[in-house]
Structure formats: C-alpha cells, structure tokens
Amino acid sequence: MSTIFSKIINKEIPSDMVYQDEHVTAFRDIEPQAPVHILIVPNRKIATVNDIQEEDEQLIGKMFTAARKIAAEEGIAADGYRLLINCNKHGGQEVFHLHMHLFGGRPLGPMLLRR
Ligand code: 5GP
C-alpha cells in the first residue's frame, strides 16, 4: 500500500520539495511545527522503523546525509536542529512511509513533554 508520500516523491501531487536524489526526497511539512520543518523520506517505501532491514543501512545513512545538507542549506546547522522519527501508535506515526522530521529555526525546548 502506497501513501501520500509516494505521490509526493513521484510528483503526482504538489509539495514544497527542497531536495531529491535517486535515493531520498525531502519536502516541507504541510503543518510546520517550527520555522524549519522538513520531512526526509526514502524514495523506496519502508513503512516504519520496524521494517528496516540490514540491506537498507546505506539508504538510512543517505537520509542523514541529506539532513546534514538540508540543514546547511536552510542556515540552521550552526545553531542546531532536531531529527525525529516516529514509529507506530505510541510514537505518534501517522504516515506509514518512513520519514525523518528535521526541525529547526528556533530553540526547540525539551525533547518530550514531562508527564
Ligand atoms: P508522523 O506523525 O507520521 O511522524 O508525521 C507525518 C507528518 O506528515 C505530519 O507532520 C504531517 O503534517 C505531514 N503530512 C501529512 N500529509 C502531508 C502532505 O500531504 N504533505 C506534506 N508536505 N506533509 C504532510
């Protein structure tokens, strides 16, 4: 089952795309939670972190390399930023195509709400 992210990767629906190569695509989140909020996704669908296989290790590394490049492009590398991946229900995952959130552009506060 493909998701909305496959359609964005294939440019079947519009997005504010900031990066694409043969392995990875990145586009701005439609509901940004920080001045910079970008989603970095593998072009080949992997549903969740639970579905990552050993043969995906290079691809996962490329997501981080893309994050580093995009952070520099966005001018947030020196001040810093946050990378986050949600997995399944307790993680709050809504779209089941693996994606890394890149947040930045302001101090991001504590990692989790304390309860
Ligand atoms: P999750 O909760 O699965 O980690 O995050 C999914 C993210 O995808 C959310 O932050 C949501 O705003 C974003 N999103 C959902 N649908 C779309 C869309 O059609 N376009 C874009 N650019 N972002 C989307």
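Which pocket is the space taken by the ligand? Here are a few notes to go with the model, which is a predicted one.

1. To settle the opening question, the ligand takes up the space of the largest pocket. That pocket has a volume of about 870 Å³. Among the 31 residues that line the largest pocket, Asp29, Glu31, Gln33, His101 and Phe103 are the closest to its centre.

2. **What builds the pocket lining.** H1 gives the most, with three residues. If you sort the lining by class, you will find 16 nonpolar, eight polar and seven charged residues.

3. **The shell around the ligand.** Turning to the ligand itself, there are 16 residues around the ligand, and those that come nearest are Asp29, Asn86, Glu94, His99 and His101. By class, this shell has seven nonpolar, five polar and four charged residues. Helix H1 (4-9) and strand E2 (24-28) each supply at least two residues of the shell, and H1 gives the most to the shell, with three residues.

4. With Ile30 the backbone takes part: one of its polar backbone atoms is 3.3 Å from a nitrogen atom of the ligand.

5. **How covered the ligand is.** Taken alone, the ligand exposes 520 Å², and the protein buries 86% of that.

6. **Residues to keep in view.** Asp29 and His101 are a handy pair to display: both are among the residues that come nearest to the ligand, and both are also among those closest to the centre of the largest pocket.

Definitions and conventions. Residues numbered from 1 in each chain as written. Predicted model: local features only at pLDDT ≥ 70, side-chain atom pairs only at ≥ 80, totals over all residues. Heavy atoms only, no water. Near = heavy atom within 4 Å. Polar contact = N/O pair within 3.5 Å; in protein donor to acceptor, adjacent residues only side chain to side chain. Areas by Shrake-Rupley, 256 points an atom, 1.4 Å probe, with all protein chains shown as cover. 1 Å grid on protein atoms, 1.4 Å probe; cavity = no way out; pocket = protein on both sides within 12 Å on 5 of 7 lines; lining within 4 Å. Sits in = over half its atoms within 2 Å of the grid points. Helix = DSSP H or I, 4+ residues; strand = E, 2+ residues; numbered from the N terminus. Nonpolar A, V, L, I, M, F, W, Y, C, P; charged D, E, K, R; others polar. Points joined across faces, edges and corners; volume = space filled by probe spheres on them.
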